[in-house]
Amino acid sequence: MQKPKAVFNWSGGKDSALALQKVFQENKFEVIALLTTFNEADESSSAHSVPLTLMEKQAEAIGIELYPIFINKSPGDYEHKMLQAVEYFKRKGVKHFIFGDLYLDEIRTYRESKLNPHGIEVVEPIWGNSPEETIQRFLNSGLKAKIITTQADKLDESYIGQDLTPELINNLPIDVDVCGENGEYHTFVYAGNIFKNEVELEIEKAYKLSFDIKLDTGEVKTYEYWQAKLS
């Protein structure tokens, strides 16, 4: 029987890679594209600020076409371009979008509210596992990932470029989620059995980013991150 076609929403990080690995193992879907959103201004990924060229190398090593969507800051641009992508893939027979979410109900509810009305089912291969279970599965998966972003008040610059290993995870500060689910860190996966070859990357330097977020109370809170400059 022909497997249903699916699009995998790809961040390039550990959770995405673990979910994609499980999709390959279960062999229920034909994944026809890796969909990634990029900032239109600098062509870096919206999720982890990875350059388009590096995401293309990742997709090529996996053997699935990258489908980039370039988002600008104008109101509604994200929703508009995602809807265009949905319609494009529906014409190709796609009825499933796959994500690498773990357990945040509001994220899954948001995805379903946007996709279900258009006839697209949300698939979550690693949904419902605890952070501890998920990180252990990643460490046992054979996949390799480097930390490329950290929340500066949680993890300092020294973590940038480090590989995820049992030793690193065991020595994380007690207030850091082991999977980085609260934004404490993000990763780039560069090797493992979902890849035909290792993805070469260079971390040129780490630099600090600051974002001002207006809270519901009206208060403005500043968040600082260490970010790897990748090539």
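Predicted model: local features only at pLDDT ≥ 70, side-chain atom pairs only at ≥ 80, totals over all residues.
Visitor: Why is the pair of tyrosine 67 and tyrosine 88 called stacked?

Guide: The ring centres of tyrosine 67 and tyrosine 88 are 5.2 Å apart, with 20° between the planes.

Visitor: What makes the pair of tyrosine 88 and phenylalanine 89 edge-to-face?

Guide: The angle between their planes is 75°, at 5.0 Å centre to centre. Planes over 60 degrees apart count as edge-to-face, therefore the term applies here. Ring pairs also link Tyr67, Tyr88, Phe89 and Phe97 into a cluster.

Visitor: How do you know whether phenylalanine 89 and tyrosine 88 are buried or partly exposed?

Guide: Buried means under 20% relative accessible area. Phenylalanine 89 has 2% and is therefore buried. Tyrosine 88 has 29%, which lies between 20% and the 50% above which a residue is exposed, so tyrosine 88 is partly exposed.

Visitor: Why is the contact between lysine 81 and aspartate 77 called a salt bridge?

Guide: The N to O distance between these side chains is 3.2 Å. The limit is 4 Å, so the contact qualifies as a salt bridge. Both residues lie in helix α3, four residues apart, about one turn of the helix. Lysine 81 is buried at 17%, and aspartate 77 is buried at 8%. Together with Glu40, Asp77 and Lys81 are linked in a network of salt bridges.

Visitor: What makes arginine 111 and aspartate 101 a link between parts of the chain?

Guide: Their side chains meet in a salt bridge of 2.7 Å, N to O. Arginine 111 lies in helix α4 and aspartate 101 in the loop between β5 and α4, so the pair ties together parts that are 10 residues apart in sequence.

Visitor: How do you know that arginine 108 lies over the face of tryptophan 127?

Guide: Arginine 108 is 4.9 Å from the ring centre of tryptophan 127 and lies over its face. The distance limit is 6 Å, so the value falls within it.

Visitor: Why are β8 and β9 said to stand at the edges of their sheet?

Guide: The open sheet has the order β8-β7-β10-β9, with antiparallel pairing. Strands β8 and β9 each have a single partner strand, so one side of each is left without a neighbour in the sheet.

Conventions: Residues numbered from 1 in each chain as written. Heavy atoms only, no water. Phe/Tyr/Trp six-rings, centres within 6.5 Å; stacked < 30°, edge-to-face > 60°. Buried < 20%, exposed > 50% of the residue type's maximum accessible area, 1.4 Å probe, protein only. Lys NZ or Arg CZ within 6 Å of the ring centre and 35° of its normal. Pairing = 2+ DSSP bridges. Helix = DSSP H or I, 4+ residues; strand = E, 2+ residues; numbered from the N terminus.
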